Amino acid sequence: MRRKLVVGNWKMHGNIKSNQLLLTDIINGLRDYKNADYVVCVPNPYLFQARELLQHTNIAWGGQNVNQHEQGAFTGAVAPHMLTDLGCTYVLLGHSERRNLFHETNLTAAARFDAAIKANLTPVLCVGETLAEHEAGLTEVIVASQMDAVMATLGDKEFAKAMQLNMVFAYEPVWAIGTGKTASPAHAQAVHEFIRHRIDRRNSDAAAHVRIIYGGSVNSKNAKELFAMPDVDGGLVGGASLNAEEFVAICRLAN
Ligand code: PGA
């Protein structure tokens with residue numbers, strides 16, 4: 001049985017005061033729910049605050065992106081060891097907002113995936129098609145190309161390390177992100193199954209163990225049905241992760 005995972009993606013939201021309230025409510029709400037894993041990916045300036053509040057709890061924290069370089073003249077960038085210095089255990093990679101708004105590519109996702117695992121961060125690789133691609137029937141082609149771009153760069157040693165770190169895939173159809181339009185449980189299941197098959201071609205043990213989470217307008221009303229699908233191992237939650245009651249409710253459904 002794969003243990004379910006819920007990752008909150010705060011994106012560029014919050015301030016010290018609101019974070020304190022949100023995290024305190026999440027900690028209290030999940031204290032007795034120990035059968036799933038929970039993570040919040042907060043903006044970098046608040047990682048210190050996340051560490052202060054979340055250490056010694058059952059909630060982990062992570063970054064929303066990371067640079068592939070270890071150090072150097074990369075103004076505005078954050079290196080993998082900077083995230084681990086602040087206690088991060090997870091990092092989101094290749095989120096569609098990074099791809100679409102900041103022109104990040106499969107190549108950067110691959111380099112960052114490699115850098116993340118070298119730094120012992122569990123990568124959460126986001127993949128998913130746009131509405132136009134969806135309507136053109138290209139979902140599998142796009143998802144496969146995004147996965148392959150990363151998987152192909154990993155040698156056997158790196159792949160084994162990624163497995164050891166419990167790498168995560170997040171299927172996030174772009175048309176479902178922040179739109180209130182969730183993929184149907186059947187659609188999510190079909191794509192998650194496709195992702196698992198694709199990993200199986202490389203390594204069947206990895207395919208059986210890897211967690212594939214769904215993202216795109218997940219809320220406390222649709223999470224139950226989505227999480228009930230055999231290949232949906234949890235959720236990547238944006239908007240609803242900023243509301244403690246909602247986020248806790250979603251996490252409890254995964255428990
Ligand atoms: P959403 O965002 O839940 O607000 O749709 C999900 C995401 O972008 O990770």
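**View 1. Is H103 buried or exposed?** H103 is exposed, because its relative accessible area is 66% (buried means under 20%, exposed over 50% and partly exposed in between, found with a 1.4 Å probe on protein chains only). Everything shown here comes from a predicted model, where local features need pLDDT of at least 70 and side-chain atom pairs count only at pLDDT 80 or more, while totals for chains, interfaces and linings use all residues. Residues are numbered from 1 along each chain as its sequence is written, and side-chain values use heavy atoms, leaving out hydrogens and water. You will find H103 in the loop between α4 and α5 (106-118) (helices are DSSP runs of H or I with at least four residues, strands are runs of E with at least two, and both are numbered from the N terminus). Look at the backbone too: H103 is not a glycine, yet its phi is positive, near 55 degrees.

**View 2. K11 is another residue with a positive phi.** K11 has a phi of about 55 degrees although it is not a glycine. The loop that holds K11 runs between β1 (5-9) and α1 (16-30).

**View 3. Here we visit the largest pocket and its lining.** This pocket holds about 630 Å³ of space. Its lining is made of 23 residues, and N44, Q64, N65, R98 and F102 lie nearest the centre. Helix α4 (residues 96-101) gives the largest share of the lining, 3 residues. To find a pocket, a 1 Å grid is laid over the protein atoms alone; a pocket is an open set of points where a 1.4 Å probe fits, with protein on both sides within 12 Å along at least five of seven lines, and lining residues have an atom within 4 Å of a point. Points are joined across faces, edges and corners, and the volume is the space filled by probe spheres set on them.

**View 4. Two arginines sit over phenylalanine rings.** R98 lies over the face of F102, 3.9 Å from the ring centre. A charge sits over a ring if NZ of Lys or CZ of Arg is within 6 Å of the ring centre and within 35 degrees of the ring normal.

**View 5. F113 belongs to the largest nonpolar core.** This core has 69 residues, and V40, F113, F169 and I195 have the most contacts inside it. Its largest share, 6 residues, comes from helix α12 (residues 244-254). Apart from it lies another core of 13 residues, including C41, Y90, V168 and A170. A nonpolar core is a set of buried Ala, Val, Leu, Ile, Met, Phe, Trp, Tyr and Cys residues joined through side-chain atoms within 4.5 Å. Beyond its neighbours within four places in sequence, F113 is in contact with L93, P123, L125, V150, M151, L154, A162 and M167 (contact means heavy atoms within 4.5 Å).

**View 6. A60 sits in strand β3 (residues 59-63).** A60 counts as buried because its relative accessible area is 17%. Leaving out residues up to four places away in sequence, A60 touches Y38, V39, V40, L54, T89 and Y90. Now look across to A190: from A60 it is 130 residues away in sequence and 29 Å in space, C-alpha to C-alpha.

View 7. Residues up to four places away aside, Q146 touches R99, N106, L125, V127 and G128. Setting aside neighbours within four places in sequence, I27 is in contact with L53, L54, T57 and I59.

**View 8. Our last stop is two loop residues, P45 and Q55.** P45, in the loop between β2 (37-41) and α2 (47-54), is exposed, with a relative accessible area of 66%. P45 and I16 are 29 residues apart in sequence and 9.5 Å apart in space, C-alpha to C-alpha. Q55, in the loop between α2 and β3, counts as partly exposed at 33% relative accessibility. Apart from its neighbours within four places in sequence, Q55 is in contact with A50 and W61.
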